[in-house]
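Colleague: I would like to learn how to read a model of this kind, feature by feature. Where should we start?

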Amino acid sequence: MNGYFITFEGVEGAGKTSVLHALVDKLNDLGYEVVATREPGGIDIAEQIRNIILNPANTKMEERTEALLYAAARRQHLVEKVLPELRAGKIVLCDRFIDSSLAYQGHARGLGMDEVYQINQFAIQDFMPNLTLLFDIDPIKGLERIAANKNRERNRLDMETIDFHQKVYEGYNILLDRFPNRIRKINADQPLANVEKNALDSILDYLRREGRMKE
């Protein structure tokens, strides 16, 4: 692969989506070719699966069904969009990837991180992000942000208890310990401009170490 796959992770309301789109412009201005996408979604089939997963009416969805649907959407998105863009030498910024499944379904749903990882191995065939930015904020503050944002999409996960969201947060911290060379923590509990700067600095530092820094 000639490009770089950089994923953005965090609990609900961490602000990662806003930062991601801001960094597309900043990296483009620096001369990089950048593509923004999201999971589940990013392409038509995966967006259809997203509508099923996140539909607030689908309260009967069982945990393993949820995990399998995420993996199915991930596979289609990977082969149809992510891999072609990487082969073209672009930087792909993706809002969520496998770490979300490990934190949400693996840890918070209690399916087991190793078990959910195995499900996703069938989908991604050992393909992992080059770099992951974990936007760190207390789940309660994140949910408060969501409640205050009238324009944000409300989905089935927003209906979960605070205990569930706390477990997601725990899951992400387990992943941070497990993959310290890939995951970098970004303090998301500060002004947006500061979060954007910290995230951009982390990406540029990675590209510098890879010898891909623009002059």
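Predicted model: local features only at pLDDT ≥ 70, side-chain atom pairs only at ≥ 80, totals over all residues.

Colleague: Is asparagine 120 buried or exposed?

Modeller: The test is relative accessible area, and a value under 20% means buried. Asparagine 120 has 0% relative accessibility, so it counts as buried. Setting aside residues up to four places away in sequence, asparagine 120 touches Ala71, Arg74, Ile98, Ser101 and Gln125.

Colleague: Glutamine 118 lies in helix α5 as well. Is glutamine 118 buried or exposed?

Modeller: Exposed means over 50%. With a relative accessible area of 54%, glutamine 118 is exposed. As for distance, the C-alpha atoms of glutamine 118 and glycine 142 are separated by 29 Å, the two residues being 24 apart along the chain.

Colleague: How do I read the fold as a whole?

Modeller: Count the elements, then follow their order. The protein has 8 helices and 5 strands, and along the sequence they follow the pattern β-α-β-α-α-β-α-α-β-α-α-β-α. The radius of gyration is 16 Å, close to the 17 Å that the globule rule gives for 215 residues, so the protein is as compact as a globular protein of that length. Along the principal axes, the C-alpha trace spans about 50 × 35 × 35 Å.

Colleague: What share of the 215 residues counts as buried?

Modeller: The share is 50%. Contacts can be read by sequence separation too: among those between residues at least 6 apart in sequence, 78% join residues at least 24 apart.

Colleague: What span should the 14 residues of α1 have?

Modeller: At 1.5 Å a residue, α1 should span 20 Å, and its end C-alpha atoms are 20 Å apart, which agrees. After α1 comes glycine 31, which has a positive phi, near 100 degrees.

Colleague: How does α8 read by the approach used for α1?

Modeller: α8 has 18 residues and reaches 26 Å from its first C-alpha to its last, close to the 26 Å expected at 1.5 Å a residue. Its buried residues are Val195, Glu196, Ala199, Leu200, Ser202, Ile203, Leu204, Tyr206 and Leu207, and they pack against β1, α1, β3, β4 and β5 (183-187). Glycine 211 follows α8, with a positive phi near 75 degrees.

Colleague: With which residues is serine 202 in contact?

Modeller: Serine 202 lies in helix α8, and at 11% relative accessibility it counts as buried. Leaving aside neighbours within four places in sequence, serine 202 is in contact with Leu131, Leu133, Arg184 and Ile186.

Colleague: How do I read empty space?

Modeller: Rolling a probe the size of a water molecule over the atoms shows where empty space is left. Here the largest pocket holds about 810 Å³ of space. Its lining has 38 residues, of which Gly13, Lys16, Thr17, Asp95 and Arg152 lie nearest the centre.

Colleague: Which element gives the largest share of the lining of the largest pocket?

Modeller: α1 gives the largest share, with 6 residues. The elements that supply at least two residues each include α1 (16-29), β2 (34-38), α2 (44-54) and α3 (63-87). By class, the lining of the largest pocket divides into 15 nonpolar, 12 polar and 11 charged residues.

Colleague: How many cavities of 30 Å³ or more does a search of the whole structure find?

Modeller: The search finds 1, and about 40 Å³ of space lies in the largest cavity. Its lining consists of Gly10, Val11, Leu134, Phe135, Asp136, Ile137, Tyr169, Tyr172 and Asn173. β4 and α7 (162-178) are the elements that give two or more residues to this lining. The classes there are 6 nonpolar, 2 polar and 1 charged.

Conventions:
Residues numbered from 1 in each chain as written. Heavy atoms only, no water. 1 Å grid on protein atoms, 1.4 Å probe; cavity = no way out; pocket = protein on both sides within 12 Å on 5 of 7 lines; lining within 4 Å. Points joined across faces, edges and corners; volume = space filled by probe spheres on them. Helix = DSSP H or I, 4+ residues; strand = E, 2+ residues; numbered from the N terminus. Nonpolar A, V, L, I, M, F, W, Y, C, P; charged D, E, K, R; others polar. Expected span 1.5 Å × (residues − 1). Rg over C-alpha atoms; globule rule 2.2 N^0.38 Å. Buried < 20%, exposed > 50% of the residue type's maximum accessible area, 1.4 Å probe, protein only. Contact = heavy atoms within 4.5 Å.
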